[in-house]
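I open this notebook to record what I looked up in one model, entry by entry.

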Amino acid sequence: MRRRLLIGGMAASTLAAPFVLNAQAPLTLNGAVQFNDDHAFNKTLLKFEELVKQYYGKPINFVLHRNSSLGLEKQYFEYMAQGKAVDYAIVSPAHMSTFSKAAPFIDAPFLFRDLAQWNKVLELDLLKPVAAEIAQKADVMLVGYAGGGVRNIFVNKPVSNLAEIKGLKVRVQGAPIWSKTFAAAGMSPTVIAYNEVYNAIQNNVISAGENEAAGVESMKFYEVAPNLAMTEHAITIRPVCFSGKTFKSLPKDLQDAVVKAGKEAGAYGRKVESSEDEQKLVALEKAGKLKRIPFKDRAEMKKLVDPVMAAYAKEIGADGIFTQIVATN
């Protein structure tokens, strides 16, 4: 009897051993980004990886899938919500509208006066209600806020005032607020997938798009639309996202590292992108690839857009956030 128990115990130990070894293997987290390592988003996600490793202090692997190898940001968000393929990524708020009507509003045109106000809004965590809604409905956490690029309109002909942009066929993001505001300014907005914009301008389906300097450079939009109308209509907010399903499966010390690293990586990303914006535009202009054109009617454009912004904020229940942002000095 004793011999049988001993053999049984040895067998159990043998069976258990592979699982013990497997449990001790380092975890692997998969990230995704549409760009290469020169882009601010990549730099932000690599900083996130560095900080998580630092704060966790135990072996862990990161795999960052670059250059849209796992699709586009819309797909990354869906994957994170499902808890598969992508654990972390930077995603435009426009792609979160299915789960939160207020999400795209935090990145809306003419929401922020300047970078100083934009930074203060993020430091005061005024976007917390939106993050809470996305975490609840999509099971995706907004662990940090990157961005900071000032968006302008790249177009295949020079435009410098409201009269010249009247009826302009311009690609906008999919969230309704973008179409509403650009239409209010007299343009003809259309929603086209980001990776199809270049060809759409080249084939005269549209005449323009809008983006920050990093996007214009990396997607080579200047080749088909070399005129940059300096509308300065938006300052980007690009949340560093993390899958809630993945997060719940992590040990507590790694969860803490992810939360801390996300906030710091977001702040790092904001500094990178806001400082690189002007540098990239100057370089493109010096190389003869792009011409910056002052936009004379920015104030008038904002007056046309303001009522639309206020009405839309009320419609989607974001009027409280809107009021707080407007009141931020």
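I call a residue buried under 20% relative accessible area, exposed over 50% and partly exposed in between, with a 1.4 Å probe and protein chains only. The model is predicted, so I keep in mind that local features need pLDDT of at least 70, that side-chain atom pairs count only at pLDDT 80 or more, and that totals for chains, interfaces and linings use all residues. Residues are numbered from 1 along each chain as its sequence is written, and side-chain values use heavy atoms, with hydrogens and water left out.

Entry on positive phi. I looked up asparagine 204, which is not a glycine and yet has a positive phi near 60 degrees; it lies in the loop between α8 (197-202) and β7 (208-211), where helices (H or I, at least four residues) and strands (E, at least two) are DSSP runs numbered from the N terminus. Is asparagine 204 buried or exposed? Asparagine 204 is exposed, because its relative accessible area is 61%. Phenylalanine 110, also not a glycine, has a positive phi of about 60 degrees and sits in the loop between β3 (88-90) and α4 (115-123). Phenylalanine 110 counts as buried, because its relative accessibility is 5%.

Entry on helix α3. In α3 (residues 73-82) I noted Glu73, Tyr76, Phe77, Met80 and Ala81 as the buried residues. They cover an arc of only 135 degrees around the axis, so they lie on the same side of α3; the arc is that of the directions from the helix axis to the C-beta atoms. Glycine 83 follows α3, and its phi is positive, near 75 degrees.

Entry on α7 and α12. I find that the axes of α7 (residues 176-184) and α12 (residues 298-315) come within 8 Å and cross at roughly 155 degrees, the axes being lines fitted to C-alpha atoms over the stretch in contact and the angles running from 0 to 180 degrees between N-to-C directions. The two helices are therefore roughly antiparallel, a term for angles over 145 degrees. Pro176, Ile177, Lys180, Thr181 and Ala184 of α7 make the contact with Leu304, Val305, Val308, Met309, Tyr312 and Glu315 of α12, contact meaning heavy atoms within 4.5 Å.

Entry on glycine 148. Glycine 148 belongs to strand β4 (residues 140-155) and is buried, because its relative accessible area is 1%. Leaving out residues up to four places away in sequence, I list Leu115, Trp118, Ile235, Thr236, Glu273 and Ser274 as touching glycine 148.

How values were computed:
Parallel < 35°, antiparallel > 145°, perpendicular 65-115°, else oblique.
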